[in-house]
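Subject: The structure you asked about

Hi,

Here is the model, ready for you to open in your viewer. Have a look at it first, and then read on for what turned up.

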Amino acid sequence: MANLQIVPAGKNVEAQYVEMKVPLYSYGCEKKVKKALSHRRGIHSVHVDYKLQKVTVWGICNKDDVLATIRKKRREARFWEQVEPEAAEGKVEDEMAVAKASRLAAAKGHRLRLSWKKLFPL
């Protein structure tokens, strides 16, 4: 009796698609996400696209509950179209500046390591 899903009789309940962007690092992650979602009540199908890092769920479910289930496995999961245009532009510029600085630091460190190896061979 506890496994029954309560559906309001007055409302027209339809299945919906929920698309999420989920970082997947291996095919094992893909299996883990698929297994976690397929056991939820009301979900009919789960499609995981490893190359696009996209998970599509189809069924009678609450979007927020599905996202909460995914976030138990992958913390960085979010809805597919959840991007603020103003914040995204500034964020891209900041990321580019950080990436450039880290590349410069890595190059300088690499040169330093080579010179130490020449001075003190093992």
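Let me start with the cysteines. Cysteine 29 is buried, at a relative accessible area of 9%. Cysteine 61 also counts as buried, because its relative accessible area of 19% falls under the 20% cut-off. As for disulfides, a search through the whole structure comes up with zero.

Before you read too much into any of this, please keep in mind that the model is predicted. Mean pLDDT for the protein is 76, with 59% of the residues at 70 or more. Which elements sit at the two ends of that scale? Strand β3 (residues 54-59) has the highest mean pLDDT of the elements, at 93, while helix α3 (residues 85-119) has the lowest, at 59. Where pLDDT is low, the coordinates should not be read in detail. I'd keep that in mind when you get to helix α3, given its mean of 59.

Now the overall layout. The protein has 122 residues, and 23% of them are buried. Its secondary structure amounts to three helices and four strands, and from the N terminus the elements come in the order β-α-β-β-α-β-α. If you take the contacts between residues at least 6 apart in sequence, 64% of them link residues at least 24 apart.

The four strands make an open sheet, ordered β2-β3-β1-β4, and the pairing is antiparallel.

- β2 and β3 run antiparallel and are joined by six bridges. Valine 48 has valine 55 in β3 as its bridge partner, and aspartate 49 stands opposite lysine 54 in β3.
- β1 and β3 are also antiparallel, with six bridges between them. Here glutamine 16 faces glycine 59 of β3.
- β1 and β4 are antiparallel too, joined by two bridges. Methionine 20 is partnered with phenylalanine 79 in β4.

What packs on β2 and β3? Helix α1 (residues 27-38) packs on the sheet and touches both of those strands, with its direction at about 165 degrees to that of β2. Helix α2 (residues 63-73) packs on the sheet as well, touching β1, β2, β3 and β4, and its direction makes about 35 degrees with that of β1.

The turn between β2 and β3 has something worth a look. Four residues separate the two strands of this hairpin, and in it glutamine 53 takes a positive phi, near 60 degrees. Glutamine 53 belongs to the loop between β2 and β3. Most residues other than glycine have a negative phi, which is why I picked this one out.

Next, charges. How many salt bridges does the structure hold? It holds one, formed by the side chains of glutamate 19 and lysine 54, at 3.5 Å from N to O. Glutamate 19 is in strand β1 and lysine 54 in strand β3, so the pair ties together parts that lie 35 residues apart in sequence. Are the two partners buried or exposed? Lysine 54 is buried, with a relative accessible area of 17%, whereas glutamate 19 is partly exposed, at 30%.

Alanine 15 is in the segment before β1 (16-21), and with a relative accessible area of 31% it counts as partly exposed. Leaving aside residues up to four places away in sequence, alanine 15 touches His44, Trp58, Gly59 and Ile60. For one of those, histidine 44, the C-alpha atom is 8.6 Å from that of alanine 15, and the two residues are 29 apart along the chain. Gly59, another of these contacts, is the β3 residue that stands opposite glutamine 16.

Cheers

Key:
Residues are numbered from 1 along each chain as its sequence is written. This is a predicted model: local features need pLDDT of at least 70, side-chain atom pairs count only at pLDDT 80 or more; totals for chains, interfaces and linings use all residues. Side-chain values use heavy atoms; hydrogens and water are left out. pLDDT is the predictor's confidence in each residue, from 0 to 100. Buried means under 20% relative accessible area, exposed over 50%, partly exposed in between (1.4 Å probe, protein chains only). Contact means heavy atoms within 4.5 Å. A disulfide is a pair of cysteine sulfur atoms within 2.5 Å. Two strands pair if DSSP finds at least two bridges between them. Axes are lines fitted to C-alpha atoms, for helices over the stretch in contact, and angles run from 0 to 180 degrees between N-to-C directions. A salt bridge is a side-chain nitrogen of Lys or Arg within 4 Å of a carboxyl oxygen of Asp or Glu.
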